[in-house]
Amino acid sequence: GIPGTLAAPCYQELGNVPSLLRTLDEVVRTLAPRWDVRPLLVDDGSDDGTVELLTLAIGDRPKDSIPFRLHCHPENRGIAAAIQTGLELAETEYAASMDADGSYDPAQLAELLPHLLDGADLVTGSPYHPKGRVRNVPPWRLVLSRGLSRMYRATCRVPVHTFTSCFRAYRTRVAAEMPLSDGRYLGIAELLLRLHARGASVREVPSTLETRLYGVSKIRTARVILGHLKLWVRASLRLVR
């Protein structure tokens, strides 16, 4: 199959580790034989036992099972920074990222990855696409995310409907080398905006978003809103490049 890295950022995911590892095994099998997916877990400074459990679980895997890699940030740097680390450590031309919380069905990567072979540099899963779907997401969060995405789309002329999804496929070197001013949730939108501003090919595929299936969300809503408004102003003034 075509080699590809699947980066899964983790932070305080102790209760999710068994489900996450099962999901990774399933998506590797689902995408084979066309894709040879290599999972890379990036722990972002967890202090709840996530690293220890991941280390044990990976070490106990049968020798003939799919090899998982684990890289750990010594301190919490944010989800965008964790994804960037995954891209930097990828040894493959193509890569993807997914949430550790089960918000997206990673089997949908089968619809994102082929666009990379067709010349795309970044392909995002897009629940806010007219053909996308959202399930069980709190109305306030849906209004916020949709509103932010509409602002970016209208002002920055980027031909996608979703800017805040971590569920993506990448041409590795193009995305890994892109500097980010914010390593947290804001950096997810920033990466897409920077790539588009520099002439990269950005595409989207309709996808389904569900409310967080495991654990508790770590988003600090007020800080995220303020950060997005600042990024939107900078992008509108063409300062994000």
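A salt bridge is a side-chain nitrogen of Lys or Arg within 4 Å of a carboxyl oxygen of Asp or Glu. The structure shown here is a predicted model.

Q: Why is the contact between Asp25 and Arg61 called a salt bridge?
A: The closest N and O atoms of Asp25 and Arg61 are 2.9 Å apart. The cut-off is 4 Å, and 2.9 Å is within it, so the pair counts as a salt bridge. Asp25 is in helix 1, while Arg61 is in the loop between helix 2 and strand 3. The two residues are 36 residues apart, and the pair links distant parts of the chain. Both Asp25 and Arg61 are buried.

Q: How many salt bridges does the rule give?
A: The count is seven salt bridges.

Q: What makes Glu93 and Arg171 a salt bridge?
A: Their side chains meet at 3.4 Å, N to O. This is within 4 Å, so the pair passes the rule. Glu93 sits in the loop between helix 3 and strand 4, and Arg171 sits in strand 7, 78 residues apart. Glu93, Asp121 and Arg171 are linked in a network of salt bridges.

Q: Are Glu93 and Arg171 buried, partly exposed or exposed, and how do you know?
A: Buried means under 20% relative accessible area, and exposed means over 50%. Arg171 has 17%, which is under 20%, so Arg171 is buried. Glu93 has 48%, which falls in between, so Glu93 is partly exposed.

Q: What do the values say about the pair Asp118 and Arg203?
A: The closest N and O atoms of Asp118 and Arg203 are 3.1 Å apart, and the two form a salt bridge. Asp118 lies in the loop between helix 5 and strand 5 and Arg203 in strand 8, so the pair ties together parts that are 85 residues apart in sequence. Asp118 is exposed, because its relative accessible area of 54% is over 50%. Arg203, at 23%, is partly exposed.

Q: How many disulfides are there, and how do you know?
A: A search of the whole structure finds zero disulfides. For Cys156, the nearest cysteine sulfur is that of Cys166, 19 Å away. The sulfur of Cys166 is 12 Å from the closest cysteine sulfur, in Cys10, which is too far for a bond.

Q: Are Cys156 and Cys166 buried or exposed?
A: Cys156 has 9% relative accessibility and counts as buried. Cys166 is buried too, with a relative accessible area of 5%.

Q: Why is helix 3 described as largely enclosed?
A: Nine of the eleven residues of helix 3 are buried, so helix 3 is largely enclosed by the rest of the structure. Among the buried residues are Ile79, Gln84 and Leu87.

Q: Where is Leu148, and why is Leu148 called buried?
A: Leu148 is found in helix 6. Its relative accessibility is 7%, under the 20% cut-off, so Leu148 counts as buried. Leu148 and Ala189 are 41 residues apart in sequence and 9.8 Å apart in space, C-alpha to C-alpha.

Q: How many cavities are there of 30 Å³ or more, and what lines the largest cavity?
A: There are three cavities of 30 Å³ or more. The largest cavity has a volume of about 50 Å³. Its lining includes Gly4, Trp35 and Leu113. Strand 1 gives the most to this lining, with three residues. By class, the lining has seven nonpolar, two polar and no charged residues.

Note on methods. Residues are numbered from 1 along each chain as its sequence is written. This is a predicted model: local features need pLDDT of at least 70, side-chain atom pairs count only at pLDDT 80 or more; totals for chains, interfaces and linings use all residues. Side-chain values use heavy atoms; hydrogens and water are left out. A disulfide is a pair of cysteine sulfur atoms within 2.5 Å. Buried means under 20% relative accessible area, exposed over 50%, partly exposed in between (1.4 Å probe, protein chains only). Helices (H or I, at least four residues) and strands (E, at least two) are DSSP runs, numbered from the N terminus. On a 1 Å grid over the protein atoms alone, a cavity is a set of points where a 1.4 Å probe fits but cannot get out, and a pocket is an open set with protein on both sides within 12 Å along at least five of seven lines; lining residues have an atom within 4 Å of a point. Grid points are joined across faces, edges and corners, and a volume is the space filled by probe spheres set on the points. Ala, Val, Leu, Ile, Met, Phe, Trp, Tyr, Cys and Pro count as nonpolar, Asp, Glu, Lys and Arg as charged, and the others, Gly among them, as polar.
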